[in-house]
Amino acid sequence: MVATEKMQDPREEVIQAWYMDDSDEDQRLPHHREPKEFVSLDQLTELGVLSWRLDADNYETDEELKKIREDRGYSYMDFCEVSPEKLPNYEEKIKSFFEEHLHTDEEIRYAVAGSGYFDVRDRNERWIRVWLKKGGLIVLPAGIYHRFTLDTNNYIKAMRLFVGDPVWTPFNRPHDHLPARQEYVKAFVHKETGDHAVDAAA
Ligand SMILES: CSCCC(=O)/C(O)=C/O
Ligand SMILES: [Fe+2]
């Protein structure tokens with residue numbers, strides 16, 4: 001390989017992100033803008049969205065997953081399978097997953113099979129579509145507005161991790177008064193860089 005060639009981040013094979021178009025077409029379609037506008041995983045980190053690529057075929061013995069869980073205190077684990085066949089009350093659930101909402105704790109999802117889209121708001125309220133595929137693990141920070149949909153493959157099996165007893169309650173937008181939202185805004189929207197406050201709306 002040529003020395004100046006940039007090595008691809010291995011996470012990008014299982015997690016890709018881009019700005020969405022404004023069309024009302026099927027939510028399971030990619031909804032790329034024209035031309036496509038990709039968002040890097042580093043840009044996601046700046047919004048508090050963390051990501052890893054893991055070995056989904058060996059999650060039971062994976063030392064890297066074990067370390068993430070230990071380092072971040074993720075004591076709870078279960079699985080959530082989303083498909084028309086597997087998820088009870090599928091229509092109702094898929095509708096509620098796609099309502100813009102936040103949680104008062106991190107949302108941690110690891111795709112061990114299948115794929116799906118987690119949409120997150122950037123600092124200027126634009127939707128970023130995060131495509132999570134088998135082997136991708138993402139952490140959405142407490143207080144970030146987001147939503148979830150399956151893609152056209154109609155199937156994901158996600159490991160859900162949590163610190164302590166899980167709380168899955170979604171707070172549909174607007175819930176700006178919640179401490180978790182205010183803390184998110186302070187840390188990632190109006191974040192201080194050097195001497196200057198970066199204001200999203202500016
Ligand atoms: C793939 S897990 C189902 C989606 C979910 O749990 C959630 O909270 C989406 O925001
Ligand atoms: Fe959520």
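Start with Lys 67 and Asp 71. They form a salt bridge, and the closest N and O atoms are 2.6 Å apart. Keep in mind that this is a predicted model.

Why do Lys 67 and Asp 71 sit about one helical turn apart? Because both belong to helix H2, residues 63–72, and they are four residues apart there. How open are the two partners? Lys 67 has 49% relative accessibility, so it counts as partly exposed. The cut-off for exposed is over 50%. Asp 71, at 54%, counts as exposed.

How many salt bridges does the rule give in total? The count is 17.

Next, Glu 125. Look at its pairing with Arg 121. The closest N and O atoms are 3.8 Å apart, and the pair counts as a salt bridge. The distance limit is 4 Å. Arg 121 is buried, at 18% relative accessibility. The limit for buried is under 20%. Glu 125 is partly exposed, at 36%.

Glu 125 also meets Arg 173. That salt bridge has an N to O distance of 2.9 Å. Here distant parts of the chain are linked, with the two residues 48 apart. Arg 173 lies in the loop between strand S11 (171–172) and helix H4 (179–189). Glu 125 lies in the loop between strand S6 (107–121) and strand S7 (127–133). Arg 173 is partly exposed, with 29% relative accessibility.

Which residues make up the network? Glu 100, Arg 121, Glu 125 and Arg 173 are linked by salt bridges.

Now the annotated site. UniProt, in an unreviewed entry, places the feature "binding site" at His 101, His 103, Glu 107 and His 146. These four residues span 46 residues in sequence. Even so, no two of their C-alpha atoms are more than 11.4 Å apart, so they gather at one spot. From this set, His 101, His 103 and Glu 107 are in the lining of the largest pocket.

Zoom in on His 101. Is it buried or exposed? His 101 is buried, with a relative accessible area of 5%. It is found in strand S5, residues 101–102. A polar atom of its side chain lies 2.7 Å from the backbone oxygen of Glu 99. Setting aside neighbours within four places in sequence, the contacts of His 101 include Glu 107 and His 146, both from the annotated set. Arg 173 is also among the contacts of His 101. That brings us back to the salt-bridge network, where Arg 173 is a member.

Glu 107 is found in strand S6. Glu 107 is buried too, at 7% relative accessible area. Not counting residues up to four places away, it touches His 101, Phe 118, Ile 138, Val 139, Leu 140 and His 146.

The largest nonpolar core has 29 residues. Which of them have the most contacts inside it? Leu 44, Val 82, Ile 128 and Val 130. Take Ile 128. Beyond four places in sequence, its contacts include Trp 18, Val 39, Leu 44, Leu 47 and Phe 118.

Methods: Residues numbered from 1 in each chain as written. Chains lettered and ligands numbered in written order. Predicted model: local features only at pLDDT ≥ 70, side-chain atom pairs only at ≥ 80, totals over all residues. Heavy atoms only, no water. Salt bridge = Lys/Arg side-chain N within 4 Å of Asp/Glu carboxyl O. Buried < 20%, exposed > 50% of the residue type's maximum accessible area, 1.4 Å probe, protein only. UniProt positions renumbered as here; feature names shortened; annotations may be inferred. 1 Å grid on protein atoms, 1.4 Å probe; cavity = no way out; pocket = protein on both sides within 12 Å on 5 of 7 lines; lining within 4 Å. Contact = heavy atoms within 4.5 Å. Polar contact = N/O pair within 3.5 Å; in protein donor to acceptor, adjacent residues only side chain to side chain. Core = buried A, V, L, I, M, F, W, Y, C linked by side-chain atoms within 4.5 Å.
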